[in-house]
Amino acid sequence: EQVLIMEGVVSINAVNGAVLALCGDGSLYAWGVTKNRFGAGMDDYGFKTPKKILENVAEYDHYYALDKEGGFYSICAGGDIGGVHAEKLMEGVRSYQSPGAYHAYVVTEENELYLLDCTGTQVFVDKLPEAADWEKKLIAENVKEICGECFGIAFIDDDTLYKVVYDYETGDYLAAEPVLEGVAKWYSAYGSVFVICKDNTLWGIGNLVGGYEEDESVAPRMLLEDVMYFDAAYYMDEDLGYEYNFAIKTDNTLWAWGPNWYGELGVSRDTSTAQPVCVAEDVARVYSDGFSTYIIKTDGSLWASGYNGFKGSPWEEYGWGLGISDDDARLGTGDNVTIYEFVKIMDDVVTVGQFNGWVFTNYDDGTDSTSCYARAFAVKTDGTLWGWGYNIDGAVVAGGERYLLSPVQIMTVEITNDR
């Protein structure tokens with residue numbers, strides 16, 4: 001059943017069983033499975049009800065928060081370090097990027113770019129840790145905004161993309177060098193930065209611009225012309241990262257590149273590609289999580305391709321399917337068979353979101369397994385909320401089957417925007 005948790009919330013951020021909620025008055029609250037993750041006292045390593053950890057917050061993620069006066073804090077919600085207090089790291093901060101709990105890049109009000117690096121972990125004494133040690137290093141000046149990490153850090157000054165390369169031998173950042181002009185939009189991806197220029201060309205720089213072929217060059221590569229939208233999804237496998245890239249052109253054609261193990265790209269089976277290929281037409285939006293992909297077409301119809309269960313997947317012949325049950329279903333196609341081309345799910349959709357849940361199991365013989373279960377939700381133009389996929393404990397809708405093969409209506413919501 002639906003339970004009211006708190007009121008006045010404008011945004012939430014949830015990962016690993018821990019939840020952060022920002023209220024309209026700037027108060028940041030936390031609850032859930034926290035261990036050493038939040039900035040206030042704990043109840044047996046978890047907040048059973050929301051607790052305020054900061055005030056006057058402008059933006060936040062699961063590692064850091066920036067208040068409206070430029071104060072920058074480490075909260076490490078969901079990180080390995082962090083503690084039971086919110087630790088102020090800097091003042092006068094205008095924006096930041098958070099690669100992880102151990103370091104962050106910040107831009108000051110004087111347009112200086114700094115690296116904040118955690119040099120120590122928290123020490124627990126009766127569940128109350130001491131503050132971690134942080135070093136501050138000036139990297140560049142005249143910085144407008146940070147773009148992302150790729151063998152260092154990339155940033156924008158006016159409409160020019162600059163690259164600062166990290167020297168692994170000396171541990172220093174080299175002088176900033178311009179690499180691309182005429183930047184209109186930028187996107188930070190796993191080890192890569194993608195840029196749409198004012199002439200609608202799409203460029204990539206970094207180690208996974210080709211999706212799964214590593215490229216250590218810091219020189220930008222022109223990928224497509226006439227591009228109006230770009231997005232990427234990632235999949236991490238131990239030490240390797242894989243990137244699935246999608247671009248929508250001005251004629252509403254969808255282009256994709258990267259690995260295609262489960263049909264994530266919407267092309268034929270075992271057709272991975274390092275070069276963009278056209279996979280669909282009349283596309284308005286694309287959403288992917290690295291296992292499966294949804295697209296909303298210009299007529300409002302929702303389509304899906306990718307992993308939808310053990311059946312039909314490339315792992316069926318090996319007798320192994322990521323530890324997922326044979327009857328797993330996540331795409332809402334009416335069955336539980338993995339597909340390699342986009343199939344229509346429903347009409348009149350405003351937005352869609354997919355959520356993955358992971359289960360890690362250790363066995364008595366020393367082996368282990370990882371299971372991934374997914375569910376998805378869509379809002380239609382009439383304000384109705386629909387869901388499908390993994391429905392254990394009523395995660396999608398109460399009283400339904402364990403796996404919902406097709407969308408079911410949950411409730412009616414008030415649409416305030418397309419997010």
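Predicted model: local features only at pLDDT ≥ 70, side-chain atom pairs only at ≥ 80, totals over all residues.

Residues are numbered from 1 along each chain as its sequence is written, and side-chain values use heavy atoms, leaving out hydrogens and water.

**Exercise 1.** Find how many helices and strands the protein has.

Solution. Take helices (H or I, at least four residues) and strands (E, at least two) as DSSP runs, numbered from the N terminus. The count gives 0 helices and 35 strands.

**Exercise 2.** Describe the largest nonpolar core.

Solution. Start with the term: such a core joins buried Ala, Val, Leu, Ile, Met, Phe, Trp, Tyr and Cys residues through side-chain atoms within 4.5 Å. Buried means under 20% relative accessible area (1.4 Å probe, protein chains only). The largest core has 20 residues, and Tyr294 and Trp388 are among those with the most contacts inside it. Next, look at the strands: E29 (292-297) and E33 (368-380) are among those supplying at least two residues each. E33 gives the largest share, 4 residues. Apart from this core lies another of 14 residues, including Leu265 and Phe342.

**Exercise 3.** Is asparagine 391 buried or exposed?

Solution. First locate asparagine 391, in the loop between E34 and strand E35 (403-412). Its relative accessibility is 3%, so asparagine 391 counts as buried. Finally, list contacts (heavy atoms within 4.5 Å): beyond neighbours within four places in sequence, asparagine 391 touches Val396, Val397, Gly400, Glu401, Arg402 and Leu404.

Technical notes: Buried < 20%, exposed > 50% of the residue type's maximum accessible area, 1.4 Å probe, protein only.
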